[in-house]
Amino acid sequence: MKQTFFQQLRSHFKHGLSAELAEPQRWVGSFLFALTILFLFAFALGDLEEKMKVQVLTAEFFLCSFFVLQITHLRIFAAEEEDKAVDIIQSYPTVMSTYYIAKVLLAILFSALIIFPFLGLMILLHGFPALTGKFALIAALSVVSLSALGVLLSWMTQKAFGRELLFPLLYFPLAVPVLLSAVQASFCLWGLAPEAMFLKWLSLLSGLCVIYFTLGFLLFDEITGWE
Amino acid sequence: MNLTKKDKKAFFLGAGVFAALVLVWTSAAWLVPAEAFQGEVYRILYIHVPSASCAFLCASLLFGFSIASLVKKSPQAQFGLWARASAEIGLFFTVLTLATGSLWGKPTWGTWWTWDARLTTTFVLALLYGAYLLLESSMPAGILRQKVCAVMGVLIFADVPIIYKSVTWWRTLHQPPTLNFAGSVPMDGPILRTLIFSLVLCVASCLWFVWQRSANLRLRLLFEDQSFRQWRGV
Amino acid sequence: MTNTYITAAFTLGLLAFLGLALWLFLQRSRLRILIKTLQEEEGERKDA
């Protein structure tokens with residue numbers, strides 16, 4: 001009996017979740033990297049004036065998010081690659097878009113599990129004034145758009161030579177508009193940029209989220225099943 | 001020199017376009033009057049604005065060939081060649097835009113570079129073209145490579161409206177668009193005419209470059225194919 | 001000083017265009033020679 005779209009999605013998500021939970025060291029590694037950034041900036045910050053401190057902390061948060069997400073997305077298909085199951089999955093009678101959405105949801109879930117505790121530590125230890133719904137929205141939109149992009153690029157570079165080097169080279173330019181709008185929107189919250197611009201930056205961030213997710217959803221099917 | 005008649009015609013056409021472009025740029029550099037606010041330095045815009053237009057035009061060409069690759073179930077190699085040529089020429093024009101922009105920026109703003117929204121995103125476009133070419137060269141030849149590069153081409157094109165709109169969405173150091181097709185153009189007659197001539201000839205050069213580069217790529221593919229057949233003894 | 005920037009920009013533009021056109025021309029020429037050489041070798045091999 002052919003499964004519906006949501007049944008396939010649920011099935012892919014469940015399998016992906018079990019595979020990720022079976023190897024927690026992948027995610028622990030990313031969290032340790034985030035902690036390293038936290039300590040490094042703690043050593044470097046010292047006695048900065050408040051306005052500059054907020055700018056540096058914003059940079060720290062998005063820098064850490066970017067690198068953590070990059071590491072996470074590069075290895076999002078690691079479970080299938082290790083089990084040599086990539087070609088088998090492509091031969092399944094499944095809608096590959098459901099596989100893509102499942103992987104994006106997993107990426108968002110595990111990225112959020114690293115990024116948001118990291119943000120909590122920044123609020124506690126550095127006094128980062130990010131305990132607002134608006135900043136949480138900016139962070140959430142950034143994670144979603146970068147996840148949608150990262151999963152697509154990770155799948156695209158599977159058969160490429162020098163993938164570990166190629167992936168960041170593809171990921172970085174496409175992530176720049178997301179980072180730019182996230183940082184500028186944050187600056188509007190701290191009074192470092194005109195408050196009236198907040199909605200424009202947020203709308204760009206939301207737009208990028210929609211664009212990357214939609215493109216990933218539509219194009220994932222096109223790049224599967226070819227040798 | 002072993003060019004066919006078709007090659008010679010193509011290169012004569014290119015030489016003609018280039019000669020016309022040299023004439024227009026000579027006129028731009030010496031004959032057209034100076035601009036009221038910027039003075040003489042505005043003349044650099046006769047190269048900078050057309051180069052930027054060509055850089056974006058190449059992104060559109062890349063998008064078109066990428067869509068063609070995706071739509072066709074078994075795309076012919078020619079779409080991949082046209083797309084690659086568009087990316088290479090697009091990179092050329094983006095680098096030229098950034099270089100001439102710096103030469104204009106130094107006397108105007110007092111700095112070679114600033115992390116202004118439009119400059120940053122134009123720089124990102126150059127990185128995207130470079131990333132596309134790296135992706136294309138790091139995958140083994142075949143339909144998968146064409147499809148994957150086509151997806152990358154679509155992603156690059158998604159970035160282009162952000163670059164274009166960034167100047168009108170946010171007030172930044174960069175001046176507003178020079179040519180605004182919705183309203184009136186804040187430019188004097190001779191200046192506007194020369195800019196349009198420069199733009200048209202630059203676009204013609206850009207299309208010629210893409211055409212010739214893709215022809216060279218096709219010839220190289222033919223050479224590799226014949227060389228392989230000979231080696232195989234077929 | 002402004003004239004230096006203008007001259008540099010126009011020189012850069014012209015040299016860039018000329019350089020690219022020349023590179024394409026030389027590449028085409030070389031490829032035609034290589035293909036012709038291959039075809040001649042193929043012809044000799046078949047005759048032999």
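Q: What percentage of the 48 residues of chain C count as buried?
A: In this predicted model, 19% of the 48 residues of chain C count as buried. The criterion is that 20 or more other C-beta atoms lie within 10 Å of a residue's own.

Q: What describes the secondary structure and the span of chain C?
A: Chain C contains one helix and zero strands. Its C-alpha trace spans about 70 × 10 × 5 Å along the principal axes.

Q: How many helices and strands make up chain B, and what percentage of its residues count as buried?
A: Chain B has six helices and zero strands, which read along the sequence as α-α-α-α-α-α. Of its 234 residues, 44% count as buried.

Q: With which residues is Leu146(A) in contact, leaving aside its neighbours within four places in sequence?
A: Contact requires C-beta atoms within 7 Å. With those neighbours left aside, Leu146(A) is in contact with Leu69(A), Ala175(A) and Val178(A). As for Phe61(A), it and Leu146(A) are 85 residues apart in sequence and 14 Å apart in space, C-alpha to C-alpha.

Q: What is the basis for describing the span of H6(A) as close to the expected value?
A: Helix H6 (residues 96-126) of chain A has 31 residues, and 45 Å is expected at 1.5 Å a residue. From its first C-alpha to its last, H6(A) reaches 43 Å, which is close to that expectation.

Q: Where is the kink in H6(A) centred?
A: The kink in H6(A) is about 30° and is centred on Ala112(A). Such a bend is the angle between axes fitted to the seven residues ending at a position and the seven starting there. After H6(A) comes Gly127(A), whose phi is positive, near 70°.

Q: Which chains share the most contacts?
A: Two pairs of chains are in contact, and chains B and C share the most contacts. Their contact takes 28 residues from chain C and 35 residues from chain B. By class, the side of chain C that touches chain B has 18 nonpolar, five polar and five charged residues.

Q: How many residues of chain A and chain B are in contact with each other?
A: Here 22 residues of chain A are in contact with 25 residues of chain B. Helix H8 (163-189) and helix H9 (198-219) of chain A each supply at least two residues of the side of chain A that touches chain B. H8(A) gives the largest share of that side, eight residues. The residues of the side of chain A that touches chain B divide into 17 nonpolar, one polar and four charged.

Q: How far apart are the closest C-alpha atoms of chain A and chain C?
A: The closest C-alpha atoms of chain A and chain C lie 25 Å apart, and no contact joins these two chains.

Q: Which residues have the most contacts inside the largest nonpolar core?
A: The largest nonpolar core has 135 residues, and those with the most contacts inside it are Leu205(A), Cys58(B), Leu62(B) and Leu135(B). Helix H2 (residues 45-71) of chain B gives the most to this core, with 16 residues. Not counting residues up to four places away in sequence, Leu62(B) touches several residues, including Ala83(B), Gly153(B) and Phe157(B).

Q: What confidence does the predictor give the complex?
A: The predictor gives the complex an ipTM of 0.90 and a pTM of 0.88. Chain A averages a pLDDT of 86, and chain C has a mean pLDDT of 90.

How values were computed
Residues numbered from 1 in each chain as written. Chains lettered and ligands numbered in written order. Predicted model: local features only at pLDDT ≥ 70, side-chain atom pairs only at ≥ 80, totals over all residues. Nonpolar A, V, L, I, M, F, W, Y, C, P; charged D, E, K, R; others polar. Helix = DSSP H or I, 4+ residues; strand = E, 2+ residues; numbered from the N terminus. Buried ≥ 20, exposed ≤ 12 C-beta atoms within 10 Å, placed from the backbone. Core = buried A, V, L, I, M, F, W, Y, C linked by C-beta atoms within 7 Å. Expected span 1.5 Å × (residues − 1). pLDDT = per-residue confidence, 0-100.
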